[in-house]
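Here's a quick tour of a two-chain model. Have the 3D view open as you read.

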Amino acid sequence: MNWLRWFILFTFLPLILSVMTGAVSLSYLALLPSSVLAFALLFESPSGFSVERKVEKTTLKLGEETEVKVRLTVEHGTGIVLVGDVVSPALEIVDGSNRHVFFKLPEKRLEVEYSYRIRAVKRGTHMISPVEVEGRHFFELEEPRYALLSEKAEITVSPRIVNIGRFVPDRKGKPGFPQISRAKVGTPSTNFREIREYRPGDPMRTINWKATARLGVPLVNEYEREGTLTFMFYLDSSDSMAVGGFKESALEVAVSFMLPLISYLLKKGYRVGVYALGHGIMITPISGSDSFSAFTKFLLSLGMVPTEESLSMAVERSRRVLNGQVVPVVITNLTHSNVGLVELGLKKLLAITGNVPVLVDVDIYDELGAGKLVSLMKRSLREDLGFPSVVVTKNVRKGVLKFLEVIS
Amino acid sequence: MRHEKLSLGILALASISPGFSLAYHFRGVSYGLAEKVGLYIPPEIISFAVMFAFSVYLYNAKGISLPYIIIVLSILYVLPYLGGVLLDNVPFVTLTAIPLSVSVVLVPYAHSLQFRMKNLGRGYPREEIEALMGRELNTIFLSMLPGAMLLVYLLYSTSLGKRPLGLFPTYSVVLFALLIGIVMSTLEKKETNVSKTVLVLRTYMIAGDSFRVKRGSIWEKGFELLLEGGSPVKRTVLLSFALENVPEYVVVRSPWDTKFLTKKEESVENGVRYVVFSTSRAPSSQGISSAPP
C-alpha cells in the first residue's frame, strides 16, 4: 500500500473507531498524524531555484585538471533538493561530486556551495550540461519541481604535443629524405607561403603593394611551388580503432601519433593532408606551420563511426589530391578482418601515386594485457602485405621517430 | 546493529498498546503463576511480553517487515473492543494507544523514506543522504509538535483520557487543523505565467563523448535528433532547447544507439515551463538511466 494512503487511513481510523466504540478519547490519537498532515499541506515543494556555476579553465591539455564551483539558492518550500549536472565521460571527476542532495527547511532560505575537480582524460570538445535542480516535497504531497539552470560549459581538451624535432637525428646527406622539402623550381601553386623582400627577377604581379606601402621596401608574396612533397594520411576511424576502450583507444593513440608528426612535417615545409576513413572527410594537402591549427581542430573533433569505408573507396574519393609527389600513409589497426581491404587500398595508392605507401599499424594489445600473441599475429599480417610499415604503441614518440626513419 | 536495535525499540513500543488491550485475557495466567510459583506478575506485563515476543518472532523468524507487524498489532489492539469489551475496563486506554498511533504512521514513513533515499541513485555523497534522513525525520517530529501539545493538554484535562470531553471539541480541533492546511494549500499561488517552454531530453545511451546535435527527420507528432561525432561510450545524455510546441515523442539517435523518449514530467519554475522527456522517470545519475544527472 502506498504509504501516504496508509498515513491518511491511520489519521482518520481513530476517529472512526471512536465513533464505532463510543470511546471519545480514541479520537485523540488522530491528533498527531493530523498535525503532520496539516503541516505537510502548509508547505510546498522546494522552489525558487537559482544557480551560479563557474568553471576555472575551459581549455585543458590532456591530463590537466580544473575546478567547477556551483552555488545554489532555494527560496521556497520544504523538502529534498537534488542538484547535479551531466559531465562528459571524457572529463573524469577526481575530487568531490557533481551531484548533491540537500534538505530545505521550512521558512529558511537554502544557500549552498559545492565544487568538484575534473580531469581531462580524452581529447575533444566536451560538455558539462546545465545544472539540473529538482525539489521534492518532504511528504511527497506535490509533484516535484524541476529546473535546468545555468548555461552548458564547453571544455576543449587537446593532447600534449611533443616537439619531435628535438629528437630527430640529423639526416643531412641521407638519400631519400629530402632536407628541403619544397621544390625550388616549378610552377608556383596558389598556396601562400610567406612575404619576402623583392629580388631582381621576381614577376611584378607577385608584389604585395599594401605591405610594400606600409614598410617602404618592395615586398613580394611567395607561393609554394608545385612539386612539394606531400604526405597524405589515411586515418582509419572505423570500429576497428575502438580497441582499448574509449579513453585510450587505438584511434586516440593514432591521433596522438599524428599531431606531433604533422607539426614536424609542416615545420619542415612539407604539404600534409588527412583523410578520415569512415567519415569520408578530409583536409586537402596544405603546408606552412600556420596550417597546423586546421589539423588540430580536425583531429580533436574526430570520433569513430560504425560505418565501414574501404581504403580503396577513400583513395578513389581523394584521388584529386594525389597528384604530384605524394607519400601515402595509411594508419589503421591491422587485423584479420580488415587486412584484405587494406591490401587492396595500399595497392591502389601505389598505382595512383607511384610511391610505395607506408602502413602505420596501431598495436596497443600488449599494453592492454592481451599478450604478445596478437602482436605477433599483426606482425605476420604486416609481413604478408610486404609494404613498409611502422608499429605505433602508446609510446608515440618512438612511433614518430620510427616513421621518420622508414620514410627516409 | 543500530538498525536492529531501533527496530526492536519500535516493536517494544508498538507492543505496549495491544499488551494493555489484551491484558484482560491474561488475568488467569497471572493468577495461576501467583498460585503455583508464588510470584505475582501483573497481566499487563505478561500480555506485553507475549505481544513483544510475538512481534519479534514475526520480524526475525518470519522476516515480516515492520509496517506489516504494526498492522497485526493494531488489529490485536482493536480486537477486544470489536468483541464487546468495554473500553472503560481497560486502564489507560488512550495513553497506551499513543505509541501505537505514533508508530503506525512513522514506521511506514521511515520505510518510504529509506526506499526513496535508496532510489536517489548512486553518485550522491553517502553522508548527505544519511544527513537527509535525519533532517526529514526531524521535520516530521517538528510537525508533530502542535498535535503533541494538544494531546498532552487533552490528556491532562481528561485525566489521561478517563473522562473524555464531548465529541465536538476533539473533532473540531482535528478538523480545524486539516481545514487550515487545505485552505493554505489552495491559497498557494501556482505559477501560471509561462514566458517560454524548454524541452529537456534525458536518456542513457551509447553516444559519442563529444557529440554534436543535428536535426534529423520531422514527423507529425515528433522529431528526431542526431548525435554525431565523438567516440562511443555509454553515457547520460542531457539536452535542452526552447520550443513552442511540445511534441509527443522525440527520437534520439547516435550512430550506435537509438532511444525513444516520451514526456515524463512537467514543471514551471521562474516563469519557464520545463517539459522533461525521458526513457524513464526521475533525473540525476550518470550511471542510472532513471536518475537529475
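This is a predicted model: local features need pLDDT of at least 70, side-chain atom pairs count only at pLDDT 80 or more; totals for chains, interfaces and linings use all residues.

A handy place to begin is Ile128(A), whose bridge partner in β11(A) is Ala153(A). That bridge links two strands of chain A: β8(A) and β11 (residues 153-158) run antiparallel to each other, with five bridges between them.

Zoom out and you'll find an open sheet of three strands in chain A, ordered β2-β11-β8, with mixed pairing. β2 (59-61) and β8 (124-128) of chain A sit at the edges with a single partner strand each, so one side of each has no neighbour in the sheet. From one strand to the next, the twist averages 30°.

## Two nonpolar cores

The largest nonpolar core counts 103 residues, and among those with the most contacts inside it are Val81(A), Val133(A) and Leu73(B). Its top contributor is helix α5 (residues 93-119) of chain B, which puts in 11 residues.

Take Leu73(B) as an example: setting aside neighbours within four places in sequence, its contacts include Ala14(B), Pro18(B), Met51(B) and Leu100(B). There's also a second, separate core of 58 residues, with Ile262(A), Met304(A), Val326(A) and Val362(A) among its members.

## Where the chains meet

Across the interface, 69 residues of chain A are in contact with 77 of chain B. On the chain A side, α1 (3-21), β4 (79-84) and β8 are among the elements that each supply at least two residues, while α2(A) gives the largest share, 12 residues. Sorted by class, that side of chain A has 43 nonpolar, 19 polar and seven charged residues.

Methods. Residues are numbered from 1 along each chain as its sequence is written. Chains are lettered from A and ligands numbered from 1 in the order in which they are written. Two strands pair if DSSP finds at least two bridges between them. Helices (H or I, at least four residues) and strands (E, at least two) are DSSP runs, numbered from the N terminus. Axes are lines fitted to C-alpha atoms, for helices over the stretch in contact, and angles run from 0 to 180 degrees between N-to-C directions. A nonpolar core is a set of buried Ala, Val, Leu, Ile, Met, Phe, Trp, Tyr and Cys residues joined through C-beta atoms within 7 Å. A residue is buried if 20 or more other C-beta atoms lie within 10 Å of its own, exposed if 12 or fewer, and partly exposed in between; C-beta atoms are placed from the backbone. Two residues are in contact if their C-beta atoms, placed from the backbone, lie within 7 Å. Ala, Val, Leu, Ile, Met, Phe, Trp, Tyr, Cys and Pro count as nonpolar, Asp, Glu, Lys and Arg as charged, and the others, Gly among them, as polar.
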